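Here is a short briefing on one protein model.

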Amino acid sequence: MEILGIPLQAFLGQLMLGLVNGSFYAMLSLGLAVIFGLLGIVNFAHGALYMLGAYVAWLSLEKFGLNYWAALVLAPLVVGALGIVIERTLLKRLYKVDPIYGLLLTFGLALIAEGVLRDQFGVSGQQYPVPEALQGATDLGFMILPNYRAWVIVASLTVCFSTWFVIERTRLGSYLRAGTENPSLVQAFGVNVPAMVALTYAAGAGLAALAGVLAAPVIQITPLMGANLIIVVFAVVVIGGMGSILGSILTGLVLGIVEGLTKVFYPEASNIVVFVIMAIVLMLRPAGLFGKEK
């Protein structure tokens, strides 16, 4: 059976690959949207935090023998703690100035992180094994589904929509939104706004690190893995609407699928299709698909 001249198995394989990539786009763009939507910081260090999450997983296995499941907990905690240090020592000084300063600072931090890890580990890349429980594949009849890729999709969607629910539908989320819009008023009610802001940045950093751990078994871990992905993720956030959490999740998933299917039908355009869509969306709706016009 064929779809538009493409064998069904090849079509479904690329669809699955696109959904996996879309899951990474969704998780990374979610972290960016949380940080920008609640703190107003354009966090160009997000790709470096993603890369650090993968390296924490690899180093914890190589040096301490900690397995994949432990790394899923450890990496977000370690990178989240680093995020608190960055926010408390550097970013807190930039909240009342032009956002371009935050962008330049985080871009510089990303270059520093990449440079340090290139000096320590080179650029050849490190392999991280698929956990034993998720090895192999499942025969669905119409295609062979790798177990680990299925896990990545389920885990990413669970994390993404849980985060959206906490921020948009719970009292904690309402405190976060109120604290960024009117910190003095919220602090008058006894809420420690600086701590809440630091934890928000830590949560965004932790989401990036978690995405890095999920990606580690399916790609090579290199110091440049974040830089290669962050431009596409920023395009996803712009298309969805800067600061729109649900928009980032849905747009990331859809664009991953679109990119995967483009590799089947018109491979030459697969590297630019996201940016073509971004240009079209910005011409028709400058605030993004889910963003609010100011």
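Buried means under 20% relative accessible area, exposed means over 50%, and partly exposed lies in between (1.4 Å probe, protein chains only). This is a predicted model, in which local features need pLDDT of at least 70, side-chain atom pairs count only at pLDDT 80 or more, and totals for chains, interfaces and linings use all residues. Residues are numbered from 1 along each chain as its sequence is written, and side-chain values use heavy atoms, with hydrogens and water left out.

**Overall fold**

- The protein chain contains 11 helices and 4 strands. Both are DSSP runs numbered from the N terminus: helices are H or I with at least four residues, strands are E with at least two.
- A compact globule of 294 residues would have a radius of gyration near 19 Å, and the protein chain agrees because its value is 19 Å. That radius is taken over C-alpha atoms, and the globule rule is 2.2 Å times the number of residues to the power 0.38.
- Along the principal axes, the C-alpha atoms fill a box of roughly 65 × 50 × 35 Å.
- Among contacts with a separation of 6 or more, 76% join residues 24 or more positions apart. Contact means heavy atoms within 4.5 Å.

**Burial and surface**

- Of the 294 residues, 47% are buried.
- The protein chain exposes about 14,200 Å², and carbon and sulfur atoms supply 66% of it. These areas come from the Shrake-Rupley method with a 1.4 Å probe; for residues, only the protein chains shown count as cover.

**Charges**

- There are 14 positive and 13 negative side chains, and the centres of the two sets lie 14 Å apart. Lys and Arg count as positive, Asp and Glu as negative; His and the chain ends are not counted. Each charge is placed at NZ of Lys, CZ of Arg, CG of Asp or CD of Glu.
- The structure holds 1 salt bridge, meaning a side-chain nitrogen of Lys or Arg within 4 Å of a carboxyl oxygen of Asp or Glu.
- E87 and R88 form a salt bridge, with their closest N and O atoms 2.7 Å apart.
- E87 is buried, at 0% relative accessibility. R88 is partly exposed, at 28%.

**Two loop positions**

- T222 sits in the loop between α8 (193–215) and α9 (227–240). T222 counts as buried because its relative accessible area is 14%.
- Beyond neighbours within four places in sequence, T222 contacts M51, Y55, V123 and G125.
- I272 lies in the loop between α10 (245–265) and α11 (273–284). Its relative accessibility is 47%, so I272 counts as partly exposed.
- I272 and A235 are 37 residues apart along the chain, and their C-alpha atoms are separated by 11 Å.
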